[in-house]
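Thanks for coming, everyone. Let me put the model up, and then we can walk through it together.

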Amino acid sequence: MERIENLILGAGPAGIAAAIRLGKSAKIIDKNNFIGGQSASLEIGEAVFDIGGHSFHTPHPFVKDLVYNSLDMYEQVRKAYCYSYDTLIPYPFQKNFRQINNEEVVAECAKGLETVDPGRHSDNFREFIANRFGEGISKHFMNPYNEKLWARDLTKLDAKWVGERVAAPEGIKEKFDLEGGKRKPLQADTVVGYPAKGGFGEIYKALAKKVHDLELGVFVTGIDLKKKEVYTKSGKTYAYDNLISTIPINELIKITVSVPENIRKMVNKLEYMSLKCVMVAINHPVDTEVQRIYSGDNDNPAHKTAINHNSSDWLRSRKHHGIMGEVSYSDYKYMHRKDLEQWFLDCLKKMGIIKGFDEVMETRVVDIKYAYPVPTHDRVEIMTTARNFLVENNIHSLGRFGEWAYINSDEALARGMILGEQILGK
Ligand SMILES: Cc1cc2nc3c(=O)[nH]c(=O)nc-3n(C[C@H](O)[C@H](O)[C@H](O)COP(=O)(O)OP(=O)(O)OC[C@H]3O[C@@H](n4cnc5c(N)ncnc54)[C@H](O)[C@@H]3O)c2cc1C
């Protein structure tokens, strides 16, 4: 049996960062045959796709240093738009709604803003939207867009995370801070990074070169926390001193023996949102500078469309380009339609992103079960109890679904590096 001081489950950003910090004492195993987890990329012809639209930005200078010292990065202003009432307006909606080609909608949004009380306490995300943006913006964009994205009633979400993600309305200037250690909402002029060559996954392939020991294609099927052993599909067993797990915490608890029933029950209450990522490979370069389009319209299945080949000059120079639609679903929102790909293609045509269906080389739907951890009201209490129990048993649950936290890959890197240092006693 192989014995490892710090065994890491998952070769995504969090696992890679922890392994870099832990050096020779660490080994990563991952069920996939590729590196990067949710931050990996794939190709169809010369078209490059990430698993949903990805770009790199971070408020942590030490994370930026790690990434930018590992590969060449390309930087540009993020050109994002909202498609609403048949108009493409700059992102975010709440700052640019006056450009909508519908006087009544603009008047309702403006009137709602006059009556808002941003200081009023909000018990949930839906209340936050009403308090911050007023009736018009809530009705015409923020509610339908967020219901589409989160695939559930917005009162189920708490409002504690909004400061990091939801931009303020018109008239309020915000700066996208790249030093402060805390994420700020994206703005119309935010500068983002992307690998100078290849897809987003190149970042993690480059970082993985710094990992001492990494084994792919190893599916973990069981953990005995008393014996401190990990069991795998192939029958191989690994013994560990510390286990760092970046697999979804509910899945971790499911495969671990000797976990108290109350903890099992608690983690089963954690909610997630799933995604169908509709990938469209077209047989020529795209004829637009747009990078992202956000839509709250019900006649478009995607809440976000990512025109991936505007993420770098290298991608722009490719013969084939890739466009992605992010379509969310959950127990509360059914999205298993057979015509999903054609539906999305119709929307691309309507928005002017493609001119005809003869441009389409191939479409593919990638299903992501665990896409977004939902910030429900009981999430913090559940995670505190579950993670404390695991730490007492030398298991550290880390990363987007290990911590059930709505974080990007840069934050997963930061948390992996910090945990590595804590384990080393630094
Ligand atoms: C649609 C979408 C858009 C996003 N956009 C951005 C963006 O613009 N910028 C950004 O920085 N981030 C973005 N993110 C977030 C980013 O992808 C994640 O935050 C990041 O990949 C999380 O890293 P992680 O290491 O915590 O988990 P993951 O990347 O999920 O890695 C976990 C790893 O664990 C492995 N694993 C799971 N179960 C087992 C098992 N039983 N045995 C062995 N291995 C197992 C998996 O194979 C996986 O490789 C986006 C995510 C989504 C879904």
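Two ground rules. This is a predicted model, where local features need pLDDT of at least 70, side-chain atom pairs count only at pLDDT 80 or more, and totals for chains, interfaces and linings use all residues. Residues are numbered from 1 along each chain as its sequence is written.

Back to Ser 258. It sits in the loop between β13 (256–257) and α9 (261–267). Helices (H or I, at least four residues) and strands (E, at least two) are DSSP runs, numbered from the N terminus. The phi of Ser 258 is near 70°, a positive value in a residue other than glycine. Trp 404 also has a positive phi, about 50°, and is not a glycine. Trp 404 is in the loop between β19 and α13. Trp 404 counts as buried because it has 27 C-beta neighbours inside 10 Å.

Tyr 91 and Pro 92 are joined in cis, with omega about 0°. Pro 92 belongs to the loop between β7 (87–90) and α3 (93–96). As background, most residues other than glycine have a negative phi, and most peptide bonds are trans.

Now the ligand. Its shell holds 34 residues, and the closest are Gly 10, Gly 12, Gly 37, Gly 52 and Gly 399. Elements giving two or more residues to that shell are α1 (13–22), β2 (26–30), β18 (360–373) and α13 (409–424). By class, the shell has 14 nonpolar, 15 polar and 5 charged residues. Here Ala, Val, Leu, Ile, Met, Phe, Trp, Tyr, Cys and Pro count as nonpolar, Asp, Glu, Lys and Arg as charged, and the others, Gly among them, as polar.

How do α1 and α13 cross? Their axes come within 7 Å, at roughly 35°. Axes are lines fitted to C-alpha atoms, for helices over the stretch in contact, and angles run from 0 to 180 degrees between N-to-C directions. Among the α1 residues that meet α13 are Pro 13, Ile 16 and Leu 22; α13 brings residues including Ser 409, Met 417 and Leu 424. The residues of this contact divide into 12 nonpolar, 4 polar and 3 charged. Contact means C-beta atoms, placed from the backbone, within 7 Å.

Next, Ser 39. It lies in the loop between β2 and β3 (41–44). Ser 39 is buried, because it has 26 C-beta neighbours inside 10 Å. Leaving aside neighbours within four places in sequence, Ser 39 contacts residues including Gly 12, Pro 13, His 54 and Ser 409.

His 396 is in strand β19 (residues 395–397). It counts as buried because it has 23 C-beta neighbours inside 10 Å. Beyond four places in sequence, His 396 touches Asn 242, Ile 244, Val 391 and Leu 419.

Last, the domains. Domain 1 covers 2–39 + 201–270 + 376–424, and domain 2 covers 80–189. These bounds come from an automatic or database domain assignment. Their centres, taken over C-alpha atoms, are 35 Å apart. The contact takes 4 residues from domain 1 and 5 residues from domain 2.

Technical notes. Near = placed C-beta within 6 Å. Contact = placed C-beta atoms within 7 Å. Buried ≥ 20, exposed ≤ 12 C-beta atoms within 10 Å, placed from the backbone.
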